[in-house]
Amino acid sequence: MTTSGAQPTWDGPAVYVEGVHKSFGEVQALRGIDLVVERGHVLGLLGPNGAGKTTAVKVLTTLLAPDRGRALVEGRDVVRSPEAVREIIGLAGQSTAIQEELTGRENLEIMGRLYHLDAETRRRRAGELLERFDLGEAADRPTRGYSGGMQRRLDLALSLVSRPAVLFLDEPTTGLDPRSRLGMWEVIRELVSSGTTLLLTTQYLEEADELADEIVVIDHGKVIAAGTAQDLKNRVGGDVVEFHVVERDRTAEAVEAVRALSGSAPSVDADAGRVSIRVGGSGSSALVETVRRLDARSIHTEGLGVRRPSLEDVFLALTGHGAAEGDAPASQARRGRRSGRRS
Ligand SMILES: Nc1ncnc2c1ncn2[C@@H]1O[C@H](COP(=O)(O)OP(=O)(O)OP(=O)(O)O)[C@@H](O)[C@H]1O
Ligand SMILES: [Mg+2]
């Protein structure tokens, strides 16, 4: 870890953000964001397309100046001491930092040079990171031939060359296949267990759930919920019991039978005969009760089961719209780029 002797010791949180605003012309990307990340913790910044995640990361990594508000990384002010902030952070942004005509190893070594590492340290670190990210075999091939997953891994490796104390990862697993995603999670866990403070953005609740100590949900540039993954799920209203009615014309009857099991109205897809009920707390007792009530009326179902709230459920509950339905026109345009890769 690089620490500057000139900096006084900081006892506060690793990341502190208060009332940060940022607009691009008419678009208010951040409308008064507050965030705290304790040292050694992982904060998951969750939000749909256009919510302001990347803008927040850019402010914290000194790439964008906020219009208003204050942002500190390890006590260093991003506006007043951007150099001091850059000394201790790493960033793997949403767009790649890779130079594609160079090999993986060359990319890493150049990054080392940017951080003024001596030749021997540069070489050693590049070698270590290539091994750690399973890029050893591809190390000396031009990166333009790397798969999306390999590029994401190299991007993360590049952000670690300087051994940052605070790491920012902007959607580190978007576009990765399930196996690569699990691999990425493992690497991230390892980093955190070695003491790195991490702020990661994601559109996937399960990812925040797996990795984050705390989650902050933003939408339209504002924090709309914060807490642990469990807190958020509880706010959605516990588990979801779901089933299909075999005789579609009895769907309404089925809804009537189970309505009392939830504080909120069941969500019904009449064409598919699908009924979803948000139940408070654990779904298993609600599941048993659902079976009992449907059985009593001889309503046959298929695919009856209980599941945890999904990202969509959380967004529906918190924002009244799905995660894929951010409504800023600019975000609509931006989404096309990746929509095909979202599950
Ligand atoms: N340089 C820019 N110029 C104009 N508008 C911008 C710029 N950067 C971001 N915006 C707008 O600010 C809003 C927030 O964008 P941001 O990139 O922070 O969202 P995001 O949460 O990272 O979205 P995504 O999930 O698509 O990456 C969007 O409406 C976006 O179009
Ligand atoms: Mg973004």
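Tutor: Residues are numbered from 1 along each chain as its sequence is written. In this predicted model, local features need pLDDT of at least 70, and side-chain atom pairs count only at pLDDT 80 or more, whereas totals for chains, interfaces and linings use all residues.

Student: Why are α3 and α5 called roughly parallel to each other?

Tutor: The axes of α3 (residues 104-114) and α5 (residues 148-160) cross at roughly 25° and come within 9 Å. Angles under 35 degrees count as roughly parallel, over 145 as roughly antiparallel, 65 to 115 as roughly perpendicular and the rest as oblique, and α3 and α5 are therefore roughly parallel.

Student: Which residues of α3 and α5 meet, and what is the contact like by class?

Tutor: Gly-104, Asn-107, Leu-108 and Met-111 in α3 meet Leu-154, Ala-157 and Leu-158 in α5, where contact requires C-beta atoms, placed from the backbone, to lie within 7 Å. By class, five of these residues are nonpolar, two polar and none charged; Gly counts as polar, while Leu, Met and Ala count as nonpolar.

Student: What makes β4 and β5 a pair?

Tutor: Two strands pair if DSSP finds at least two bridges between them, and β4 (residues 68-73) and β5 are joined in the antiparallel sense over two bridges. Asp-77 in β5 is the bridge partner of Leu-72.

Student: Why do β12 and β14 stand at the edges?

Tutor: In the open sheet with the order β12-β13-β11-β14, β12 (267-269) and β14 (301-307) each have a single partner strand, so one side of each is left without a neighbour in the sheet.

Terms used. Chains are lettered from A and ligands numbered from 1 in the order in which they are written. Helices (H or I, at least four residues) and strands (E, at least two) are DSSP runs, numbered from the N terminus. Axes are lines fitted to C-alpha atoms, for helices over the stretch in contact, and angles run from 0 to 180 degrees between N-to-C directions. Two residues are in contact if their C-beta atoms, placed from the backbone, lie within 7 Å.
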